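Morning, everyone. Please look at the screen while I bring up today's model.

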Amino acid sequence: CSITGYPFENHLSSETPYRLVSNKSFYRIQYDGCTPKKIWMVIRHGTRNPSISKIEQINNRLPDIRDFILENDNLPNGFIKNRDLDLFQKWEPTLNAESKKKLTREGREEMLLLAERMQSKFPELFDNIYSNTSFKFKYTHTQRTKKSALYFVTGLFGKNNAKSVWFPEPLKNDPILRFYKSCTKWYKEVKDDPKLKRINKAFEQSAEMLKTLKVINERLNFSRVSSNLSADDVFLMYKTCAYETAWNKQSKSPWCSPFTEEELKVLEYAEDLELYWQDGYGHELTYKQACPAFSDMINMLISNETYPKVTAYFTHSGTILKMLAHLGLYKDSENLTATNYGKMANRKWRTSFIDSFGSNLAFISFKCNKNNKILTLHQEKVVRLPSCPNSDLCDIKEVISYYSESIEHCDLTSMCAI
Ligand SMILES: O=C(O)[C@@H](COP(=O)(O)O)OP(=O)(O)O
């Protein structure tokens, strides 16, 4: 996939807005001799606000950096133009603690449009009249997934009819939507393991990161003062560039201007690396534990019941990435490490593409004569499962056989016991 526009839009990692990676086609998806029967989807909520700790860092640190930039006699230069200085001049932090992680205007639009396009792609599945037998919706215990679900159903049924859609009470640790939340072993051995932090720290010490810090400090003329911008400062500027790009389609964030594509690629790699080891291929348990979600999908698609025709779950980055790795998608031949940045330049594991806000994974069952097949879409684009590398539609039997270990041995209690 390719993203047009400013080069920085290609490298915003998991804060990339969905508009930059989605398949905007409204064309119906059809295969000769085949009829779509059911769809099962997981959807990451739309663009949100940052966490409370990020909001605090933005509010406490960025005004000082902005002021330093504005007081700097050496600017404008080849990177920071007058236009960027004007934007810095006008820039103020806009968020308070209360707005943490809330779905934004962009996030609402992402969900409305995703629903409209999915309905056009599969009109046989997404009726525009709601019925609780045809549709099963569920979201996690958060404002951003709840609102995402509400805007998605508004895109399907219209504002008034959306009010009558039924949603179950969200569960704190939903065993399907956020299976990892109860996996003690995963927390101990992966998410909270100090090794994860050490990998991130090691990349901070890499030649590429040190060079990035050096050039940003030189470019902004910070190197002339004792308090250089730290790695945390530069990451904060990068994240703010990402969020503000996601929130505002029209205007450029001043926080993007200090970076060229070269530095953005390095910062993007830092996040890809972290998420690879936290939510991806780094540890077998991380993706093995996605089996409840995978089985839920298979069971829905192979069930003899005609309804529900649509299952849509609104969830998080952690679920999408673990599901992708469970399926064997976007798998590189080598692990991402703190020392192989250069070698991994053409990696498949790029969170800017695979884990944007609004990321979604859909499985559609088709009846083709007497055969049952599955089509897989990621970001509304066809992806081929490793079970059928040569065709879009994969026989359900092939899928079941390829992923038999996941289907037959999905015991989270023993998998996650310490
Ligand atoms: O909730 C968050 O802070 C992150 C991580 O969630 P988990 O992976 O821990 O569920 O997900 P996001 O909401 O950005 O999709």
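I'll start with the overall fold, go on to the ligand, and finish with some backbone details.

First, the ground rules. This is a predicted model, where local features need pLDDT of at least 70, side-chain atom pairs count only at pLDDT 80 or more, and totals for chains, interfaces and linings use all residues. Residues are numbered from 1 along each chain as its sequence is written, and side-chain values use heavy atoms, with hydrogens and water left out.

Now the fold. The protein chain has 17 helices and seven strands. Those are DSSP runs, numbered from the N terminus: helices are H or I with at least four residues, strands are E with at least two. The C-alpha trace spans about 75 × 50 × 40 Å along its principal axes.

What radius of gyration does the protein chain have? It has 22 Å, which agrees with the value near 22 Å for a compact globule, because the chain has 418 residues. That radius is taken over C-alpha atoms, and the globule rule is 2.2 Å times the number of residues to the power 0.38.

Next, the ligand. Which residues surround the ligand? Among them are Arg44, His45, Arg48, Lys101, Arg178 and Tyr180. To be near, a residue needs a heavy atom within 4 Å. By class, this shell has one nonpolar, four polar and six charged residues. Here Ala, Val, Leu, Ile, Met, Phe, Trp, Tyr, Cys and Pro count as nonpolar, Asp, Glu, Lys and Arg as charged, and the others, Gly among them, as polar.

Look at the arginines. A side-chain N or O atom of Arg44 is 2.8 Å from an oxygen atom of the ligand. For Arg48, a polar side-chain atom lies 2.6 Å from a ligand oxygen. For Arg178, that distance is 2.8 Å.

Last, the backbone. Most residues other than glycine have a negative phi, and most peptide bonds are trans. The bond from Leu75 to Pro76 is cis, with omega near 5°. Pro76 lies in the loop between helix 1 (52-70) and helix 2 (82-90). Tyr307 and Pro308 are also joined by a cis bond, with omega about -5°. Asn221, not a glycine, has a positive phi near 65°.

Conventions. Polar contact = N/O pair within 3.5 Å; in protein donor to acceptor, adjacent residues only side chain to side chain.
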